[in-house]
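Dear colleague,

I am passing on a structure for you to look through. Please open it first, and then read my notes beside it.

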Amino acid sequence: MHILVIDDNHTLQFGLKKLLEESNYIIYTALSIKEAQELLAERTYDLILLDWMLPDGSGVEFLKQIRQDGLAIPIMLFSSKNEVIDKVEALDAGADDYLEKPFSNIELLARIRALLRRESPQKQSIITIGPMKIDTIERRVTVDENPIELSTKEFELLEFLARNSNVVLTRYQLLEHINRDFETMASSNIVDAHIKNLRKKLGKPELIETVRGVGYVIRTT
């Protein structure tokens with residue numbers, strides 16, 4: 001997942017970049033609205049983390065501009081403002097979430113995961129990786145044009161790996177994505193079992209690579 005962090009606080013930006021990269025996100029940073037506009041013109045992002053106060057303008061006004069331009073990117077606004085009216089203003093302007101500074105890393109990561117799980121028009125509906133095609137709308141998978149029957153959990157796991165291609169996902173990240181029973185997550189080997197079944201059904205075990213001691217990855221290169 002590609003995340004754009006827009007904040008002029010160098011210390012905070014450095015800390016966020018390190019934290020998010022350790023969680024296997026790909027991070028881009030901007031210190032101003034102008035820098036952010038240039039980055040937004042270059043590529044698309046899965047999420048934007050936006051500070052309220054920037055050196056060349058208001059983050060809220062920039063948020064409104066993004067929405068007026070028709071971009072449906074999930075955006076989390078963060079600020080030291082703690083009044084309810086400020087949160088309402090941010091959400092009314094088009095923010096998907098609002099986080100008050102200072103915030104805990106655990107809460108930030110949880111909110112990011114929640115935002116990235118939401119369906120967005122910007123997300124690809126067809127993912128093609130080598131001989132495999134994943135239709136995320138119809139929830140169909142084909143390999144060499146042959147349909148593959150997958151369970152709900154198997155499909156969710158495959159889609160998550162494909163959307164994060166070239167990023168090594170830990171077993172915990174994969175389990176967190178597909179499991180709703182958080183009390184059993186620590187001791188569960190369900191991910192390994194699903195991967196084994198996926199490889200067998202896809203008929204191309206090399207599509208899903210094991211990274212020993214870490215987890216799994218689908219590579220496009």
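Does K34 count as buried or exposed, and what is its relative accessibility? K34 counts as exposed, because its relative accessibility is 51%, where buried means under 20% relative accessible area, exposed over 50% and partly exposed in between, with a 1.4 Å probe and protein chains only.

Before going further, please note that this is a predicted model, in which local features need pLDDT of at least 70 and side-chain atom pairs count only at pLDDT 80 or more, while totals for chains, interfaces and linings use all residues. Residues are numbered from 1 along each chain as its sequence is written, and side-chain values use heavy atoms, with hydrogens and water left out.

As for the whole protein, it has 8 helices and 14 strands; these are DSSP runs numbered from the N terminus, helices being H or I with at least four residues and strands being E with at least two. Of its 221 residues, 43% count as buried, and its C-alpha atoms fill a box of roughly 55 × 35 × 30 Å along the principal axes.

The structure holds 15 salt bridges, each defined as a side-chain nitrogen of Lys or Arg within 4 Å of a carboxyl oxygen of Asp or Glu. One of them joins K34 to E38, with the closest N and O atoms 2.9 Å apart. Both residues lie in helix 2 (residues 33–42), 4 residues apart, or about one turn of the helix. An α-helix has 3.6 residues a turn, so residues three or four places apart point the same way. E38 is partly exposed, since its relative accessible area is 42%.

In helix 3 (residues 59–68), E61 and K64 are 3 residues apart, which means about one helical turn, and they form a salt bridge whose closest N and O atoms are 3.4 Å apart. E61 counts as partly exposed at 44% relative accessibility, and K64 as partly exposed at 31%.

In helix 6, R163 and E159 are 4 residues apart and form a salt bridge with closest N and O atoms at 3.0 Å; here E159 counts as buried, because its relative accessibility is 12%. Elsewhere, D7, D51 and K101 are linked in a network of salt bridges.

Finally, please look at helix 7 (residues 171–178), whose buried residues are Q173, L174, L175, E176 and I178. These buried residues pack against several elements, among them helix 5 (105–117), helix 6 (152–163) and helix 8 (190–202), where contact means heavy atoms within 4.5 Å.
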